[in-house]
Structures are given as structure tokens and as C-alpha cells.
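Walk through this structure with me, ring pairs and chain contacts in turn. The sequence and model come next.

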Amino acid sequence: MDVALQQLVNGLTIGAFYALIALGYTMVYGIIRLINFAQGDLYSVGAFIGLSMLSLLAALHVRNALVLTFLGLVVSMAATGLLGVLIYRVAYRPLLRSPLSILISAIGASLTLEYSLFLIYSPSFLVYPSLFSTGGPALGGIVVSWMQVTIFLVSLGLMLALYALVHRTKLGLAMRALAINQDAARLMGIDVNRVIAATFFIGSALAAFGGVMTGLYYGQISFLMGFLAGLKAFTAAVLGGIGNIPGAMLGGFIVGIVESVAIGYISGRWKDVVTFAILIIILVVRPRGLLGERVVERM
Amino acid sequence: MGPRSHRIASIRAGLAIAAAVAALGLPLAANPYVTDVATLVLVYVMLGLGLNIVVGYAGLLDLGYAAFFAIGAYSSAILMVHHHMSYWLTIPIAACLTTASGAVIGAPTLRMRSDYLAIVTLGFGEIVRITATNLSFSGGPDGVWGIPRPSIGPLVLGSSASLYYLGLAFAAVILILSHNVARSRLGRAWRAVREDEIAARAAGINTVSTKLKAYMLGALLGGTAGSFFAVKLTAIDPTSFTFVQSVNILMVVILGGMGSLPGVVLGAIVIVGLPEALRAFQTVRMLAFGIGLILLMLLRPQGLWPSRIGTLGRVRAARSPGTRSQPTGQAATS
């Protein structure tokens, strides 16, 4: 029982990372029907920018862990968000009408980000500063660190904020209108390009948040870290029902938990096989994802 | 057929003959390194042609095609190394195994929406690769090595040139097969399903079995390419069959222009050739490759050599009111 609970806790932590990346996938897909392959790499970029910021602040003798984390997160999220918008402007916007060309362009953007990090930073793992102690609340035989609690709660808070943004604000209304019918949205006076850019900004910033938190949690980052995480997050987005925001969160947590349970009960070597096998089974049984609406392929 | 189309036809025939002569003469003029790179191009031509049937003809996005490549390569390698079978005998066995695995993964999933199919194939590709890494009979992470060269009687096909010609023969057969099948009843059914599945069903096409045939034929060709790859390299390991490999093969198809056979050949040359040509700039080559892909798509969004068959979809896509963007028509008119 302890093993199960322990893996559940670990799974919720990893799942939070997947969910944060998956939100970007799902929002972009919902609006322009693009699998943004660069999404996982924006998560890596976020982690690296965060690391640079933390090193810079350390050089400026900022010692307070909370201040460091806050500034690192804010700068990284803003910069990565802008990078996401830049990628949309340069690599995607001219191709919005050719679905496969835009997909290749996204793969190109992903490679460009990965190998820019490779050249600018390092081909090997980089060490993240450890700002927080590993202590945590005592819960019987289970080890939970305050860090895990914080990651889970803050991620959840961000997701709820995003949900509120999409369902309570004018920008969110515009996003939802765009997802239903882009031309009708434009006729209603919505600045389509701006709304898409805002979507890319938010998706990239959330991934950056996940990236910085991953660095702080695992203590190391690499230029390829976003590749597999991106793949899992994409899986999570489809699992929850792509285009659906609560679905992406649910999918992220499920993928994280399935992976942790597979590590705990089978072996780390087989965790990805178990994850993908369960994914395939769920999609065969319930092809629209867990929370996805019934979508007709083409009207 | 006006004089203009006659002229175009003769230009095309001339180009095809020139390409065939260049392909046949290449090992005579080039050093073994260039011949080896050209053989790798041929492997990607085979893979690209196989995936072209799935993605280009039938319109099913497959992100795990390397799985069939892997199953073909491992079947031949294991049968030849552990069971001392002749290469020629392993080809039909590998083909049967890959076709069967294509049916197993395709049958339950081909009813899905296309983006879900993409993720299922992606998952399947990862499962095959990780399984090959974890099991002992496939050699684990080290893979299978010491795969013998193919031989015809006493003649061993060991030199770069002889393996090149073997690959060329495979690629040519698959090319002719692809050309003919595109013009068959089945090929027309694939295009109908690709353009409008509901209309195709209304016209009496069994869409699931049509898609399944595309999937199985694609798997068979990918497996054949894998068998050849195994004897060409004499050693295989799981790192050759990653998700990146699947993406590379997909890029061969899309770069050239979906459904276009000369496009696949051109795409294979670019995908293999560009990183080789950039080898001198080891550290920046992947970065240059990424930027190059974006530029290529921005400048030629329909691929390098777009298909002329069934351009209906493209006409409609260009007409349909979409997002304000650059016109992409110039590529569609070729």
C-alpha cells in the first residue's frame, strides 16, 4: 500500500510537468489544429533561461530562495512566451493553410531549439542550484517533500487560472470563438492573429514554468529533456481529449501516475511501454479521449 | 494532348532516363564513401515509398513507421545470425511478419480520427523500439551484429557497389509497384478515402479495409527496407529505429511532395544528403538542418516536387476561406 501511495505522490509531481506542457499542445491544437512539435522544446528552453537567470542573480548576491525562484520563473516564462510567439510568427503563420507543411516546419522549429540550446549551453547535463531542502510533511511511510507539494499546488493553481481565463475573460471568449470557426470569429471583429499569438504566449510560458520547476526538482537539465517529456505531454493531451483544457490536466496527471506505478511495480525500463500501451488501449476503446467531445472528422 | 503536353511528356521521359543512367553509373564514377551514402539514400527511397502509400496515397498520418523498419531489420538479422538462414529466405519471412504487425496495429486503430491514429502509431513505434532494447533475444541495447553478407551461389555481395546495385534493384521494383498501384482501382480508392472519407463510403468503398490495405502494404515495404538495411550495415541496434527515424522518413515523403514518386526520391536525397554535406560543420549541422526545414516549407509549402495526381484536394484547400496568409498557389500549378 505504501508503495502505491508513494508512486501516486511521485506520479502527481511528474504529472504536473506533463500537464503544464500538455496545456500548450492542447490550446494550440484547439485553435489552429497544429501539433506544435516545438512545445516540448520550449519547456527545455524555459529550464535553461531559468538557469541563466538563477546564475545571474546568484552573481548579484541575491540569496533568498523564494526571491530567486520567483524572479527566475517570471523572467523565464516571459522570455519563453515571447519565443513561442516569435516561432509562430516566423515558422507557422505563413503556413496556416497547409497542414502537413506546417507540421514539418514545427519539426524544424523543434530541432532548431534543441540544437540552439546544444550550442549555446552544453551538450551534456547542466546542474541546477538546489534552493530548497528536501524535508516535508510526515505522512506515515510515504516521503513527500514540500517541493512536491508546492509543484502540485502551484501547477494546479495555474491550470485553474488558465481555465478561468478561457471561460471568464474576453480573450478566452475570443479563443473559444476561434476554435469553433476562424472566419466567423474574424467577422465578429476578433483580431485572429493576436489571439493566436496570445495562445502561443500562454502555452509557452506554462511550459517554461514546468521547465524551471523540473530543474529545481531533479537538479539537472539537458538540451534534449523536452523531447521525451513533449512526447508524453502530447500523449496526455490526446488522452484527455485534444483541444480540451481540463482534459490536458487530467491526461497529464494520469500519464504521470501510470508511469510512476509502472516504475514501482514493473521496472523503469518498461515504463514507457506500459504508458504507450495503455494509451493505445484507451484510444481504441474511447477514441475521442477521456473528456473530448464527439468530433466529426470533417464536415 | 496538345503539343505542349507532348513536350512536357518528352521532357519527363528524358529526365527519367537521365536519372536511371545516373543511378546505374554512380558506383563506377564515385568512391566507396559516396556509394555508401547513395545506398543509404536508396534505403530512404524504399522507406519513403512505403510510407508514401500510407501518408501520401491514403492520407493516414503515421508517426511510428520506423517500427516496421525495425521489425524487418530484426527479423532478417536474427534469422541470419542465430538460425543461419539465407538472406533471400528471410525477406519473405520478414515481409510476412511486418505485414502481420501492420494488420495487428492497424485493424483496431484505423477507425480513429487521423490525429489519434498519429499518436497510436507513435506509441507503437516507441513500444517496438523499447521492447527491442529490453529483450535479450534481440540483443538488448547492443543489438545484433555479425550479420552475413547476402550471396548468390558462390558470389558474395560484399562490396559497396554490389550492395548499392542490390538496393537499387529493390528501390526500382518498389518504385514501379508504387507507380502502378497508384493507378489501380485500389489507388483510386485510397485517394477517394484521403479526399473525403464520407463520400468514399457513399460511393461504395469499404473505407476500413481500404485503409488497412494501405497500412499493410506500407508495413511490408518498410520491412523489406529493414531487411536490406540489416545486411547492408551488418550490425543493427535499437538506436536506428527511434522516433526521430520515423520523423526522418515522414520528412522524406513530405519534403518531396506527398504522393509524388520523384518527390520521394528527391526527399531521400535531401534528408540523407543534407546532413552528410554539412558533416564538416559537425556542431551546427543539426541546427542548420532545423532552420533549413523551416525555410524549405516557407518557400515551397507543397514540397519540392508535388504530385500531379488527384490535385483536387489542393485546389479546394486553396479556395477554401481560411486564415489570411501568403498565397501558396505557385507550387500547386506544376
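B:Y57 is buried, at a relative accessible area of 5%. Buried stands for under 20% relative accessible area, exposed for over 50% and partly exposed for what lies in between, with a 1.4 Å probe and protein chains only. B:W190 also counts as buried, with a relative accessibility of 0%.

A word on the basis. This is a predicted model, in which local features need pLDDT of at least 70, side-chain atom pairs count only at pLDDT 80 or more, and totals for chains, interfaces and linings use all residues. Residues are numbered from 1 along each chain as its sequence is written, chains are lettered from A and ligands numbered from 1 in the order in which they are written, and side-chain values use heavy atoms, leaving out hydrogens and water.

Now the rings. Over all chains, the structure holds 24 aromatic pairs. Rings of Phe, Tyr and Trp (its six-membered ring) pair if their centres lie within 6.5 Å; planes under 30 degrees apart are stacked, over 60 edge-to-face, the rest tilted. In chain A, the ring centres of A:Y88 and A:F200 are 5.0 Å apart and the planes stand at 25°, so this pair is stacked. A:Y88 sits in helix α3 and A:F200 in helix α8 (residues 192–218), so the pair ties together parts 112 residues apart in sequence. Helices (H or I, at least four residues) are DSSP runs, numbered from the N terminus. Both A:Y88 and A:F200 are buried.

Back to chain B. B:Y57 and B:W190 form a stacked pair, 6.3 Å centre to centre with 20° between the planes. B:Y57 belongs to helix α2 (residues 32–57) and B:W190 to helix α7 (residues 185–195), 133 residues apart. Elsewhere, ring pairs link B:Y65, B:F68, B:F124 and B:Y215 into a cluster.

How many residues of chain A are in contact with chain B? There are 52, against 53 residues of chain B, where contact means heavy atoms within 4.5 Å. The two chains bury about 4,700 Å² between them, 70% of it on carbon and sulfur atoms. That buried area is the accessible area (1.4 Å probe) lost on putting the two parts together, summed over both.

The elements giving two or more residues to the chain A side are α3 (65–92), α4 (99–120), α7 (182–187), α9 (225–240) and α11 (271–285). α4(A) gives the most, with 14 residues.
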